[in-house]
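Work through the exercises below with the sequence and the model open. Each task is followed by a solution in steps.

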Amino acid sequence: MSSMIAVTTTELDERQPLLHNPLSLSNEEVEISNTPSTSSSNASPPPTQRLLSLDVFRGLTVALMILVDDAGGAFPCINHSPWFGVTLADFVMPFFLFVVGVSISLALKKVSSKPLATKKVILRTIKLFLLGLVLQGGYFHGRHDLTYGIDVGKIRLMGVLQRISIGYLFAAMSEIWLVDSITVDSPMTFVKKYYIQWMIAFLFCTFYICLLYGLYVPDWEFEVPSTNLFGYEFGTKIVNCGVKGSLEPPCNAVGLIDRFFLGEHHLYQHPVYRRTKQCSVNSPDYGPLPPSSPGWCLAPFDPEGILSSLMAAITCFLGLQFGHILVHFKGHMQRLCLWSVYSFIILFTGYVFELLGIPFCKPLYTLSYMCITAGASGLALTIIFYIVDVKHFRKPTMILQWMGMNALIIYALAACDLFPAAIQGFYLGSPENNMVNKHAEAHSRMHPQIEDGSTHMFKTVIITQFLNHYFSSI
């Protein structure tokens, strides 16, 4: 007979350490019963356990992130799209945001004190934002420079964890303050309970579209660093725009807002559009500038900027609604059918927007891109939930589950290069004579066409060996 799952979560656990998991916002426990419910008042409650499919989905996202970081240099087709279009790597960030939304619905299912819950949400947001600032702001210099520290006048203010913290803040606040307290016993009461959240998400989308297509982008200038490797003379370069509604790299409203509020020196200095045909002879990979390349190829642009992060928060809102279905609909088939239908509707909407002229663009986080990635996130969760929590095929997903429960630690060690940087700190005779550099030199001789992929390959081998050893010992 079909299993019954009833979510029984509490508020955010104040004692939970931040490093446990940035995306697991509660204990994410569920009650699982393999027998029909009885009417006896003396019946003991069923045991509780974590929603394992959410851990597995989170772990799968971490594994996908490591894969595209490692193999992106060798296979640009799975690397981030240079500007327009969607590749495998472009699903990583939406997957993370979607999982955050689902987790929030479980963590804040019951809120006994709204001010206390708000305080916890704000504190967690600040911690996550500051951690992202340290990990991605430029404080750690990477394997080419065995030093650390950053000029605060040039620190990168936005990043992956910062975007996640913003999406988490908006979604959690809406769950605390904008949800009706009525009991859900029909589709109509379900809509009535959460319709304000849907209105807020619609207003966010409208606000984003109005700014993206309505803001006038004037000519602007930036400083070419003296250390650039492309032969450009350092100094001030002028980018000619004077347009409204452009989605091209140099003249879009997303970059305009970031330059105005964050400042040129606090943006990401190696934007993905340097792999476009205008800026790379090896497009869609990085490479030397073409002879007639435009000056904006060296301009900074943050793919996790302010306006695009506002749109990215909508992915958290959609994950939130999928979590509400998990909370209020107890039958497996109900959940699977509703999730599948909504996922295909969101996917179809994304393709309709693309046909209407809104292209897929991850750096701008366009409406069409948001829809297709959120729809894909819903389908992925549906499949994993069916495999892990309905059919109980859990042994093959054990490593992914472990990665999902330790997502932030793996992210910091692998994606932020802390692990290879720590290994590189041990050298013999001179700083250049270290294990990471020796591996990089050997790999470059074997695969000269792959640039800067050795660090990722090295760390992947080490982490994989560690995981294999870890699981073989338990």
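UniProt positions are given in the numbering used here, feature names are shortened, and annotations may be inferred rather than shown by experiment. The model is predicted, so local features need pLDDT of at least 70 and side-chain atom pairs count only at pLDDT 80 or more, while totals for chains, interfaces and linings use all residues. Residues are numbered from 1 along each chain as its sequence is written, and side-chain values use heavy atoms, with hydrogens and water left out.

**Exercise 1.** Find what the chain adopts over residues 91-109 and over residues 366-388.

Solution. Step 1: the unreviewed UniProt entry lists both ranges under "transmembrane region", among them also 306-327. Step 2: helices (H or I, at least four residues) and strands (E, at least two) are DSSP runs, numbered from the N terminus. Step 3: residues 91-109 are 84% helix and 0% strand, with end C-alpha atoms 27 Å apart. Step 4: residues 366-388 are 96% helix and 0% strand, and their end C-alpha atoms lie 32 Å apart.

**Exercise 2.** Check the span of helix α7 (residues 306-328) against expectation, then state how many of its residues are buried.

Solution. Step 1: the expected span of a helix is 1.5 Å times one less than its number of residues. Step 3: buried means under 20% relative accessible area, exposed over 50%, and partly exposed in between (1.4 Å probe, protein chains only). Step 4: 20 of the 23 residues of α7 are buried, so the helix is largely enclosed by the rest of the structure. Step 5: in the chain, buried residues make up 51% of the 474 residues.

**Exercise 3.** Describe the setting of His265.

Solution. Step 1: His265 sits in the loop between α6 (253-261) and α7. Step 2: its relative accessible area is 40%, so His265 is partly exposed. Step 3: a contact means heavy atoms within 4.5 Å. Step 4: leaving aside residues up to four places away in sequence, His265 touches Gly153, Lys154 and Ile155. Step 5: Glu223 is 42 residues from His265 along the chain, and their C-alpha atoms are separated by 9.0 Å.

**Exercise 4.** How much of the contact count with a separation of 6 or more comes from residues 24 or more positions apart?

Solution. Such residues account for 71% of those contacts in the chain.
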